[in-house]
Amino acid sequence: MNFNKKFKAFLEIAEVLNKHGIIPTLYGSLGLYRLIGQRDEIDDIDIVIPEICAKEKLPELIKIMEGIGYKQDKTFPHEFFKDKEQIGFELEEELKEFAGVDVSNYKTTKINNAEFRELSLGDYLKFYSKALKERENKIRKTKIKVEAIEELLKNKNE
């Protein structure tokens, strides 16, 4: 789906969250592509919110999202969907812990009636570098397992 359609959906959600005292942070591919232009498909809309909104106040968040037509994913409680649109809520604290991205550095933006925060290019670099490193480690470990299985099967067949 294209950037403009996804961004419009984000702005609608941000505006409703604002009415409940929540200033969300645009995140993920949608947030990055707002800065650098769309490079590939944007699967879902990632939104960062304070931990309290996704834990102690989760019932409130569910009610807010249901009020604009989104249903909670029963498998992943911080994810919501409507038609083909999927929204994933991430926690500010987890983002900081994972990649050292600090919410106090976020730029605040207001478009129409929606106020939201945005990560900097440096923050995206921290996050995606950390994510890439973790994936590379996972791939390396998987390769070791595959090579061990292939070696055992080869020796078994000789």
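Where does Asp83 lie? Asp83 sits in the loop between strand 4 and strand 5, and the views below start from the sheet that holds these strands. The model is a predicted one, in which local features need pLDDT of at least 70, side-chain atom pairs count only at pLDDT 80 or more, and totals for chains, interfaces and linings use all residues. Residues are numbered from 1 along each chain as its sequence is written, and side-chain values use heavy atoms, with hydrogens and water left out.

View 1. Strands (E, at least two residues) and helices (H or I, at least four residues) are DSSP runs numbered from the N terminus, and two strands pair if DSSP finds at least two bridges between them.

**View 2. Strands 4 and 5 with the loop at Asp83.** Strand 4 (residues 79-82) pairs with strand 5 (residues 85-91) in the antiparallel sense over 4 bridges. Opposite Lys82 stands Glu85 in strand 5. Asp83, in the loop between the two strands, has a positive phi near 55° although it is a residue other than glycine. Asp83 is exposed, with a relative accessible area of 75% (exposed means over 50%, buried under 20% and partly exposed in between, with a 1.4 Å probe and protein chains only).

**View 3. The hairpin of strands 6 and 7.** Strand 6 and strand 7 pair in the antiparallel sense over 5 bridges and form a hairpin with 2 residues between them. Lys107 has Glu118 in strand 7 as its bridge partner. In the turn, Asn112 has a positive phi of about 55°. Asn112 counts as exposed, at 67% relative accessibility.

**View 4. Arg117 in strand 7.** Arg117 has its place in strand 7 and counts as buried at 17% relative accessibility. A polar contact of 2.4 Å joins its side chain to that of Glu92 (a pair of N or O atoms within 3.5 Å; within protein, one must be able to donate a hydrogen and the other to accept it, and residues adjacent in sequence count only if both atoms are side-chain atoms). Leaving aside neighbours within four places in sequence, Arg117 is in contact (heavy atoms within 4.5 Å) with residues including Ile23, Thr25, Glu92, Tyr106 and Lys107.

**View 5. Ile45 in strand 2.** Ile45 is found in strand 2 and is buried, at 0% relative accessibility. Beyond its neighbours within four places in sequence, Ile45 contacts Lys6, Ala9, Phe10, Leu30, Glu85, Gln86, Ile87 and Gly88.

**View 6. The buried face of helix 4.** In helix 4 (residues 58-67), Leu58, Leu61, Ile62, Ile64 and Met65 are buried. Seen down the helix axis, these residues fall within an arc of 160°, so they line one face of helix 4; the arc is that of the directions from the helix axis to the C-beta atoms. The face turned away from the buried side carries the exposed residues Pro59, Lys63 and Gly67. Among the elements packed against the buried residues of helix 4 are helix 1 (3-19), strand 2 and helix 3 (51-54).

**View 7. Aromatic rings in helix 1.** Phe3 and Phe7 both lie in helix 1, 4 residues apart, about one turn of the helix. Their ring centres are 5.5 Å apart and their planes at 10°, so the pair is stacked. Rings of Phe, Tyr and Trp (its six-membered ring) pair if their centres lie within 6.5 Å; planes under 30 degrees apart count as stacked, over 60 as edge-to-face and the rest as tilted. Phe7 and Phe10 also form a stacked pair, with 6.1 Å centre to centre and 25° between the planes. Both Phe7 and Phe10 are buried.
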